[in-house]
Amino acid sequence: MQKLTNKEEEIMIILWRLKKAFVKEIMAEIEGNRPHYNTLSTIVRNLEEKKYVGYEAFGKTHRYYPLVSLEDYRKKFVNSKLAEYFDNSYKSMVSFFAKEEKISVEELKEIIDLIEKKK
């Protein structure tokens, strides 16, 4: 599984949410600066070449859908970021977010509850 560019990830997040979509429907979901239609179409075709999306043909147009699940992508690349930035330490990662005040005490308690329920 190849790592996606930021723009490709943005498009995949939209497709994961929509399940199936034409390029114009993807375009409507993009927030902020929208690429030109042809640029977006090229990005989607690149995702097809990378085997992230498939399509159904409707005449000259295509409706695209994910071939890779969000969960599979997340597992692959979150784990790689964990290794890259936190030396494979979940403790280091959680500590980082706590120090940066990106995670609350309540959220940490919820995580602890989840861990304890797994035991």
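1. Helices here are DSSP runs of H or I with at least four residues, strands are E runs of at least two, and both are numbered from the N terminus. Beyond its neighbours within four places in sequence, Glu9 is in contact with Lys3, Leu4 and Tyr73; contact means heavy atoms within 4.5 Å. Pro35 is 26 residues away along the chain, and its C-alpha atom is 14 Å from that of Glu9.

2. A word on the basis. The model is predicted: local features need pLDDT of at least 70, side-chain atom pairs count only at pLDDT 80 or more, and totals for chains, interfaces and linings use all residues. Residues are numbered from 1 along each chain as its sequence is written, and side-chain values use heavy atoms, with hydrogens and water left out.

3. Glu8 also belongs to helix 1. Is Glu8 buried or exposed? Glu8 is buried, at a relative accessible area of 6%. The cut-offs are under 20% relative accessible area for buried, over 50% for exposed and partly exposed in between, with a 1.4 Å probe and protein chains only. Leaving aside neighbours within four places in sequence, Glu8 touches Ile43, Asn46, Leu47 and Lys50.

4. Helix 1 and helix 3 cross at roughly 85 degrees, and their axes come within 10 Å. Helix 1 is therefore roughly perpendicular to helix 3. Axes are lines fitted to C-alpha atoms, for helices over the stretch in contact; angles run from 0 to 180 degrees between N-to-C directions. Angles under 35 degrees count as roughly parallel, over 145 as roughly antiparallel, 65 to 115 as roughly perpendicular and the rest as oblique. Helix 1 contributes Lys7, Glu8, Ile11 and Met12 to the contact, and helix 3 contributes Leu40, Ile43, Val44, Asn46 and Leu47.

5. Two strands pair if DSSP finds at least two bridges between them.

6. Now the pairings. Strand 2 and strand 3 (residues 61–66) run antiparallel over 6 bridges. Gly54 has Tyr65 in strand 3 as its bridge partner. The hairpin of these two strands has 2 residues between them, and Gly59 there takes a positive phi near 65 degrees. Strand 1 and strand 3 are antiparallel too, joined by 2 bridges. Ala21 has Tyr64 in strand 3 as its bridge partner.

7. Helix 4 (residues 70–86) packs with helix 5 (residues 90–99) at about 80 degrees, with axes 9 Å apart. That makes helix 4 roughly perpendicular to helix 5. Asn79, Leu82 and Phe86 of helix 4 meet Tyr90, Ser92, Met93 and Phe96 of helix 5. This contact has 5 nonpolar, 2 polar and no charged residues.

8. Two loop residues deserve a look. Asp87, in the loop between helix 4 and helix 5, has a positive phi near 50 degrees without being a glycine. Asp87 is exposed, at 68% relative accessibility. Glu101, in the loop between helix 5 and helix 6, is likewise not a glycine and has a positive phi of about 55 degrees. Glu101 is exposed, with a relative accessible area of 71%.

9. Leu108 lies in helix 6 (residues 105–118). At 26% relative accessibility, Leu108 is partly exposed. The C-alpha atoms of Leu108 and Ala98 are 8.7 Å apart, at a chain separation of 10 residues.

10. Finally, the domains. The chain divides into domain 1 (6–66) and domain 2 (70–117), with bounds from an automatic or database domain assignment. Their C-alpha centres are 29 Å apart.

Key:
Nonpolar A, V, L, I, M, F, W, Y, C, P; charged D, E, K, R; others polar.
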